[in-house]
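Biologist: I would like to learn how to read a protein model. Please take me through it one feature at a time.

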Amino acid sequence: MRISPLSPERSAAGESLARASGRTRSPALARRWRTCALLALACAAPGCQRSAPEAVATEFGIQIEGGDAFRAQVRDSLSLIDRHAPRELGEIARHVKRIKHDTRSGMAAYENPPTFYLADRSAFYSVTWCAGCIAHDAHHSKLYHDYLAAHGGQSVPDAVWSGQAAEQQCLKYQLTILESIGAPDDERVYVASCDGSHGDVNRDGKYDWRDDQQRNW
Ligand SMILES: [Ca+2]
């Protein structure tokens, strides 16, 4: 059964996986997804039309789930990073084990495997943009798992891997990758201009599941 973003089914599944791995989290954290920086432009790429049927492929050790166009876009993005920054691709592949097509983008670092849910607007704006988004959310997962490793599997505080300070770290990493792969000026300038507050979609000063529900990229 396909589970829609932020559905109770997915939250419950995430909690079960966390319990199985010996980690505990708050229900709020279980519902939370990480955000990816965006360009405020409508995606007009043909790839925005979902291709069917969805399937699974493995590239660079990362499981990719989606239609033909989605799998090709993600593969091309990973290949681009591999050509220009192979060491960084290895780092990304250590922290993102699955990239799955969905209607909202976000990193579920606590899932097994750690999964980056990737939506059309982020995936199909361009190959370079897609690569940067993958790098951005891989860094969220790195922050999460580095804390786990350093603290004996204790519950990971939200601020460690989410919120504005974490977003700023992820944006910095995203920009490094965009520069490495020769991304267009507009993409690099946009990321450089972000202050990390993009995840607070409803601008209430908090980063929580309500923001995820309102995200459209
Ligand atoms: Ca908010």
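Biologist: Where is the place of histidine 139?

Modeller: This is a predicted model. In it, histidine 139 belongs to helix H6.

Biologist: Is histidine 139 buried or exposed?

Modeller: Count the C-beta atoms around the residue. Having 20 or more others within 10 Å makes a residue buried. Histidine 139 has 27 other C-beta atoms within 10 Å, so it is buried.

Biologist: Which residues does histidine 139 touch, leaving out those up to four places away in sequence?

Modeller: Gln169, Cys170 and Tyr173. Also look at glutamate 91. In sequence, histidine 139 and glutamate 91 are 48 residues apart. In space, their C-alpha atoms are 8.9 Å apart.

Biologist: Now helices. What should I know about how residues point?

Modeller: An α-helix has 3.6 residues a turn, so residues three or four places apart point the same way.

Biologist: Which residues of helix H4 are buried?

Modeller: In H4, residues 86-95, they are Leu89, Ile92 and His95. These lie on the same side of H4, because they cover an arc of only 130° around the axis. The face turned away from that buried side carries exposed Pro86 and Arg87.

Biologist: What do the buried residues of H4 pack against?

Modeller: Helix H3, residues 68-84, and H6.

Biologist: Which residues are buried in helix H9?

Modeller: H9 spans residues 185-193, and Glu187, Tyr190 and Val191 are buried there. Their arc around the axis is only 95°, so they sit on the same side of H9. Asp185, Val189 and Ser193 are exposed, on the face turned away from the buried side. The cover over the buried residues of H9 includes helix H6 (127-150) and helix H8 (163-180).

Biologist: And strands? How do they pair?

Modeller: Strands of a sheet pair through backbone hydrogen bonds, either parallel or antiparallel. Here, five strands form an open sheet in the order S1-S2-S3-S5-S4, with mixed pairing. Strands S1 (55-59) and S4 (106-108) are the edge strands, each pairing on one side only. On average, neighbouring strands of this sheet are turned by 20° against each other, direction ignored.

Biologist: How many bridges join strand S2 to strand S3?

Modeller: Three, and the two strands run parallel. S2 covers residues 62-66, and S3 covers residues 98-101. Isoleucine 64 stands opposite isoleucine 99 in S3.

Biologist: Finally, what does the secondary structure of the protein chain come to?

Modeller: Ten helices and five strands. Of the 217 residues in the chain, 42% are buried.

Definitions and conventions
Residues are numbered from 1 along each chain as its sequence is written. This is a predicted model: local features need pLDDT of at least 70, side-chain atom pairs count only at pLDDT 80 or more; totals for chains, interfaces and linings use all residues. A residue is buried if 20 or more other C-beta atoms lie within 10 Å of its own, exposed if 12 or fewer, and partly exposed in between; C-beta atoms are placed from the backbone. Helices (H or I, at least four residues) and strands (E, at least two) are DSSP runs, numbered from the N terminus. The arc is that of the directions from the helix axis to the C-beta atoms. Two residues are in contact if their C-beta atoms, placed from the backbone, lie within 7 Å. Two strands pair if DSSP finds at least two bridges between them. Axes are lines fitted to C-alpha atoms, for helices over the stretch in contact, and angles run from 0 to 180 degrees between N-to-C directions.
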